[in-house]
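Please read it alongside the model shown below.

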Amino acid sequence: MTDHDLLRGLRGRLTTAALGLARVPLGVLGLLLIPVQLVAYPLILVTVGVPLLLLFTALTRKYLGVHRRWAGAVLGVEVPEPYRVPANRGPMTRVRTIATDPATWKELAFLPLNAVIGVLTGVLPLAFWINGAYGLVVPVLWALGADHLEYSGVDASTPGSAVLAPLLAVVYLVAAWWGTPRLRRWHARFTRWFLAPSATEALTHRVRELADSRADTVDAQAAELRRIERDLHDGAQARLVALGMSLGMAEELLARDPEAARDLLSEARQSSSQALSELRDLVRGIHPPVLADRGLDGALRALALANPLPVEVDVVLTGRPEAPVESAAYFAVAETLTNAAKHSGASSAWIRVRHENGRLAMMIGDNGRGGARATDGGGLRGIERRLAAFDGTLGIASPVGGPTIVTMELPCELSSVKTSSSSGTA
Amino acid sequence: MRVVLGEDLVLLRDGLIRLLRAYDFDVVEAVDSGPALLEALLAHRPDVAVVDVRLPPTFTDEGLRAATEARKRVPGLPVLVLSQYVEQLYARELLSDRGGGVGYLLKDRVADVAQFVDAVRRVAAGGTAMDPEVITQLLARGNRDQPLATLTPREREVLALMAEGRSNGAIAARLFVTEKAVGKHTANIFGKLGLELSEDDNRRVLAVLAYLDRV
């Protein structure tokens, strides 16, 4: 270790120790939050407790938010909030959610413990540094003839003790050097341990998320199947019935009235071609053949070609994602692009697809008038829900006046069977 | 006229063979997979190949790939591609070598036997046969193109039929006008689009398709 490192380490530690002192009043201040919260509960009976509890809980959570951020900064990780979300905005629902949230009670226990630990970890380092520094000065004071010198319980008025004092001081300083950053980390770890959601809570949260997205997926799938059934029933099936009828009648008429039979046959042919065209549209909506043929790259380029807007496609993928993810990604882009063509008033659009850090990242932009939002029942919300089934996310940047950029991410791995990359304007 | 057929569905394969034989085509081989198709095309060098896009073993665009590969090795080998759906991307790929002698039709078109046989003959003769749906899509995209917007409705009709690969005579018959009138429309269209008018039907079609693909 060079002198320079030593100096820098010393300065950093002294700063840490000095700033640590700030945690003392902060921790003590937290004690005030305990009685005000507890007092609010009985007051609920006379109604006035409801706003009080909401206010004090909000205050407490703000106060603890500071601790979370501090602990997160020290440990270099994010400390998430464990709070339950009330089912609705009604005040009684919120009170009930707060009262039954284990996090509320855990935090009440945290406040006194944090006050004690905050005071200890705040005061001790600085005390050690000061004491250590003083110990080094003791021999000088002794030499100057000071009376009643005492250091760390040792009478330092004798020459022997005056030598002992600096030795003790070195022990103090080494302890302070070693302990200053560690105490801060320990306090941060203690804070995180108390304030971050426990593994169980995190899992509960995850399970709830998954249950929601699964319910959405099942709903969407059932609706999709109903739509397909209806399309088949009203479309291709009906056409085939008509086709059979025309053919049967033509058979009847063939001998008696060949001219009428010819008309019926031509009608039958039209029926068959309409049935085919309807089946084609249906298949395209279920799984576009070009997606199976060429993967996301080719399918998106085909999509761009069929779009009324000129669309620039820029896809770099080293393989293909799993078929369900690929299909979800394709339909998400297709629907976003349709939205853009329909509502944005744009004159051009672009698609950019990459695979980075285990996520398929897709961006769709247009130069339209902007102001796009995911509203309930809107197309973008539908896309969001479908992506959620694969843990995907959707982000919209669409200031009024444009341009609009929709970002979608889907966690997935690529199978590296095939390499494809392309860019171009359609 | 010697034909190689690539189609994996037995029902359709037999139907196509029967249809083609009825019109005096000589079906020299009918295969049911991509690799077999490529082999047959290179071995027989037929006057025209009729190929389904989707073939085993991958059941993706195996047929199209085999046809494209065969045309690479035997330049100008006439290929008529049939498909359950049309994709502009594939039409563009087929036309990309600018050689002519290509067709891309929906399978439904087989139902109109006379038109279908005409398309096969046209492709065999080095012409083109593009599905009306491809042309409709191309023209729909062309809405933002200035020169295209100046065409009269009749000229657009002629343009669409020409892009499908039909000769002036066929267009005249279809629109119930004289061939001379069609020739006049064609000259106008080429003038408005700034294209050079060629005497050769096939070259003219390719020029129109290239123009539509650009806009």
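## Chain B

Chain B contains 11 helices and 6 strands, where helices (H or I, at least four residues) and strands (E, at least two) are DSSP runs, numbered from the N terminus. This is a predicted model, in which local features need pLDDT of at least 70 and side-chain atom pairs count only at pLDDT 80 or more, while totals for chains, interfaces and linings use all residues. Residues are numbered from 1 along each chain as its sequence is written, chains are lettered from A and ligands numbered from 1 in the order in which they are written, and side-chain values use heavy atoms, leaving out hydrogens and water.

Of the 215 residues in chain B, 53% are buried; buried means under 20% relative accessible area, exposed over 50%, and partly exposed in between (1.4 Å probe, protein chains only). The accessible surface of the chain is about 9,300 Å², with 53% of it belonging to carbon and sulfur atoms. Such areas come from the Shrake-Rupley method with a 1.4 Å probe, and for residues only the protein chains shown count as cover. Taking contacts in chain B between residues at least 6 apart in sequence, 65% join residues at least 24 apart, a contact being heavy atoms within 4.5 Å.

Over all chains, the structure holds 31 salt bridges, each defined as a side-chain nitrogen of Lys or Arg within 4 Å of a carboxyl oxygen of Asp or Glu. One of them pairs Glu209(A) with Arg206(A), with the closest N and O atoms 2.9 Å apart. These two residues are separated by about one helical turn, because they are 3 residues apart in helix 8 (residues 199–256) of chain A. Glu209(A) is partly exposed at 39% relative accessible area, and Arg206(A) is partly exposed at 31%.

Asp297(A) and Arg301(A) form another salt bridge, with 3.6 Å between the closest N and O atoms. Both lie in helix 10 (residues 289–306) of chain A, 4 residues apart, so about one helical turn separates them. Asp297(A) counts as buried at 6% relative accessibility, whereas Arg301(A) is partly exposed at 28%.

## A distant pair and a network

In chain B, the side chains of Arg92(B) and Asp213(B) meet in a salt bridge of 3.2 Å, N to O. This pair links distant parts of the chain: Arg92(B) is in helix 4 (residues 88–95) and Asp213(B) in helix 11 (residues 201–214), 121 residues apart. Arg92(B) is partly exposed at 29% relative accessibility, as is Asp213(B) at 24%. Separately, salt bridges that share partners join Arg294(A), Asp61(B), Arg65(B) and Glu93(B) into one network.

## Charged patches

A surface patch of positive charge gathers Arg184(A), Arg185(A), Arg189(A) and Arg192(A). Patches are made of residues with over 30% relative accessible area and no salt bridge; like charges are joined within 9 Å, and nonpolar side chains (Val, Leu, Ile, Met, Phe, Trp, Tyr) within 5 Å. Lys and Arg count as positive, Asp and Glu as negative, and His and the chain ends are not counted; the place of a charge is NZ of Lys, CZ of Arg, CG of Asp or CD of Glu. Arg189(A) lies in helix 7 (residues 159–195) of chain A and is partly exposed, at 44% relative accessible area.

A surface patch of negative charge is formed by Asp257(A), Glu259(A), Asp263(A) and Glu267(A). Asp257(A) sits in the loop between helix 8 and helix 9 (258–286) of chain A and counts as partly exposed at 33% relative accessibility.
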